[in-house]
Amino acid sequence: MKIVLAQLNYHIGNFELNADKMIKSIEQAKEDGADLVVFSELAVCGYPPYDFLERKEFIQNCTDTIEQIAKMCNGIAAIVGGPEINPEPQGKNLFNAAYFLEDGQVKQVVRKTLLPNYDVFDEYRYFQPNIVFDLIKFNGKKIALTICEDIWDDQPVANAFARDKLYTLSPMDKLIQQKPDFAINIAASPFSYTQVDIRRDIVRNKARQYKIPFIYVNQVGANTELIFDGNSMVVNGRGDITHQAKAFEEDTVHIDMDALSDKPAISPKVTKPIQLIYDALVAGVRDYFAKMGFKSATLGLSGGIDSAVTVAIAAEALGKENVHVLLLPSQYSSDHSIKDAVDLANNLGIQYDIVPIKEIFNSYNFLMSPIFAGKEADVTEENIQARIRGTLLMALSNKFGHILLNTSNKSEAAVGYGTLYGDMNGGLSVLGDVYKTDVFKLARYINRDVEIIPENTIVKPPSAELRPDQKDSDSLPDYDVLDAILFRYIEKNQSPAEIVNDGFEEATVKKAIRLVNMNEYKRFQTPPTLRISSKAFGIGRRIPLVAKH
Ligand SMILES: Nc1ncnc2c1ncn2[C@@H]1O[C@H](COP(=O)(O)OP(=O)(O)OC[C@H]2O[C@@H]([n+]3cccc(C(=O)O)c3)[C@H](O)[C@@H]2O)[C@@H](O)[C@H]1O
Ligand SMILES: Nc1ncnc2c1ncn2[C@@H]1O[C@H](COP(=O)(O)OP(=O)(O)OP(=O)(O)O)[C@@H](O)[C@H]1O
Ligand SMILES: NC(=O)CC[C@H](N)C(=O)O
C-alpha cells in the first residue's frame, strides 16, 4: 500500500484555500500511484478554530468541503480532519473527527477520544469525547486511526501538579485489541522548543509498545500565536524513524507500507533549539502577515538588541524591501546607538528614517510643566519618550499600512519593564516568549555567517536610554539570574520557596515574583505573542487580573 503524508499549511476559515490544497495533493498522489493520502487534524477548517466552532455556517462549510474533497477520492482514499456534528442530543454539539474518504464518499468517521484542555488547548469547550473504537479497513489492511492527543495518554501535563498520568483511557490500548496492521495519527501539534523531541519520543515509544508502524501527520504554518513545525514522520514497528518531513515547510512524504520493514532507519533530525526558535519566529511573522493580507512591517530601531533581533527576523520573514524602520533618538540616546542602528539597517538593506524626538519631548514637558510644578522628573518623563516613539511609529503604520512589530522580550514582559501605549504598542509581539538571555543567543545565531547585528549591539549592557546613563541592571537583577527565576515561576510553576531552594537569593526571588504578579494588567494589554515555549504569555496562560497573590 502506497501512502502519502501531506503536511500542509492551513488558513483558519479559508475553506476554499484549504480544499484547493488538499484536492491538489490528492490529484498529485493519484498521478504518483498512491492509494491513500493523509492530511492532519481539523485540516478542513484550520487549527485552532476556537469559537468559530459555535457558528452553524462554519460547521456547514466544513461539512460541504469534506463532501467536495470526498468526490475527488476515486481510485484513491484520503483521511481528512474536520468537525463532525454529534447526532446524539446529549453532550457537546461536535466531535473532533477524522474522515475516511473513498469511492467519492465519506466511508467512515473516527472521533478523537482524548481532548486536550490545558495550556493553549480548550477542546472540551466544543467537543464530545469519543467512546467507540473501530479500525479502518482499507485494501486488505486494518488501520488504527487516532487524532493528536489520543497518543499522549501517558504524558504528564506540563505545569499541572500531582498528576502522573493525564488519562485513564488509552485509545491505542483499545484499538490494538483488534490487531491493526499499522497506526495513523493526524495531528495539530504546535511548536515549542521542547515539543519536537517530546513528540518524536511519543511516536517512537508507541510504535515500540504496540509493535506496529506509526504514521504521524502534523501541519505547518502559524495561526496567530501558535506556530506549527510539521516534522511529520513514519516509524517502523521497532520504533525506528524511517521517514521524516521537513520542519516549518509544506512537504509530502511518500511511503510504501509493504517495503517499510526493509527501509533502513534514519537518525532523528537534531536541530539546535536556537535555530528552531529562529525558524519558528520567522514562520510566525510570515504567516501572520500572509494570512492577514499584510505586506510590510515597521518598528523602532534603537541600536539595542531586542529591536535588532526583531528587525532581522522581520526582514527574513517579509523580505528586506517590506521593512521600513524609524530611528527615534532622544537627548539620552548615545551616538553609538544611532550608529549601531544605521549599520544594522544598512547590513539588512532595509529602508530607515531618522526622526529625533527631543523637540517633541521638550514640548510635552513644557506644556505639562505648570501642572507638574514642584514634581521631580521621574518615570513619567521616561514613559513620555516611549509614548512619543509609539505615536510616531503608529503614524507611519497608518500612513503606509506597515504593521508595527512589538520588540519586548519575555523577561521584560514578565516584570512589566516597558511602557503601556509606548514601546508596548504593536500588532504582533515577536520576542514576547523569548527570554533576554535567549535574545542574545538569537543575535549570535543571526550573525552565524556574517555580522548583521553590530557586535557593539550584542556586547553593550542593555539600557532603555530613557534617562542619562540608565542601565536595565539599575532596576532589574542580571538577566541570567532573572531569567532562571522567571523560567521556574512561569514555565515550571514553582513556588517562591522552591525557587529559593534551588539556590537563588530570597530577596531577588521575591522581587522578581512580585513584579510578575503585579504586571498581569500590562500583559493583558500586549499584542498577541508568538509562542515558542511550553508556557507563553497569551491564550495558554490565564491569570486573573483582579486578585491577591
Ligand atoms: N493594576 C492596574 N490595572 C490597570 N492599570 C494599571 C494598573 N496598575 C497601574 N496601572 C496603570 O499603568 C501605569 C503604569 O504603567 P506605565 O505607564 O507603563 O509605567 P511604569 O510601569 O510605571 O513604567 C515603565 C517602566 O518600564 C521601563 N521601560 C520603559 C520603556 C522601555 C523599557 C525597556 O527597556 O524596554 C523600559 C521604564 O524605565 C519604567 O521603569 C499607571 O500609571 C496606571 O495608569
Ligand atoms: N532611539 C530609538 N529609536 C527608535 N526606537 C527606539 C529607540 N529607543 C527605543 N526604541 C523602541 O522602543 C523599544 C524599547 O526600547 P528600549 O531601548 O527602551 O529597551 P530594550 O528593551 O532594551 O530594546 P532594545 O534592545 O531594542 O533597545 C525598542 O526595542 C525600540 O523598538
Ligand atoms: N491538537 C492536539 O491534540 C494537540 C495536543 C498535543 N499534546 C500536542 O501538542 O501535540
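The questions below cover the domains, a sheet and the surroundings of a ligand.

Visitor: Which elements give two or more residues to the side of domain 1 that touches domain 2?
Guide: This is a predicted model. The domain assignment gives domain 1 as 2–111 + 184–271 and domain 2 as 276–476 + 519–523. Their contact takes 11 residues from domain 1 and nine residues from domain 2. On the domain 1 side, the elements that give two or more residues are β10 (220–223) and β11 (226–229).

Visitor: Which strands stand at the edges of the open sheet of three strands, each with a single partner strand?
Guide: The order is β15-β18-β19, and the pairing is parallel. One side of each edge strand is left without a neighbour in the sheet, because each has a single partner; these strands are β15 (297–298) and β19 (428–429).

Visitor: At about what angle to β18 does helix α9 run?
Guide: Two bridges join β15 to β18 (residues 403–406), with A297 opposite I403. Helix α9 (residues 379–400) lies across both β15 and β18, and its angle to β18 is about 145°.

Visitor: Which element supplies the largest share of the shell around ligand 2?
Guide: Of the 20 residues around ligand 2, those that come nearest are G300, S302, G304, S307 and A464. By class, the shell has nine nonpolar, six polar and five charged residues. Both α6 (305–318) and β16 (324–327) supply at least two residues. The largest share is three residues, and the element that supplies it is α6.

Methods
Residues numbered from 1 in each chain as written. Chains lettered and ligands numbered in written order. Predicted model: local features only at pLDDT ≥ 70, side-chain atom pairs only at ≥ 80, totals over all residues. Near = placed C-beta within 6 Å. Helix = DSSP H or I, 4+ residues; strand = E, 2+ residues; numbered from the N terminus. Nonpolar A, V, L, I, M, F, W, Y, C, P; charged D, E, K, R; others polar. Pairing = 2+ DSSP bridges. Contact = placed C-beta atoms within 7 Å. Axes fitted to C-alpha atoms, helices over the stretch in contact; angles between N-to-C directions. Domains from an automatic or database assignment.
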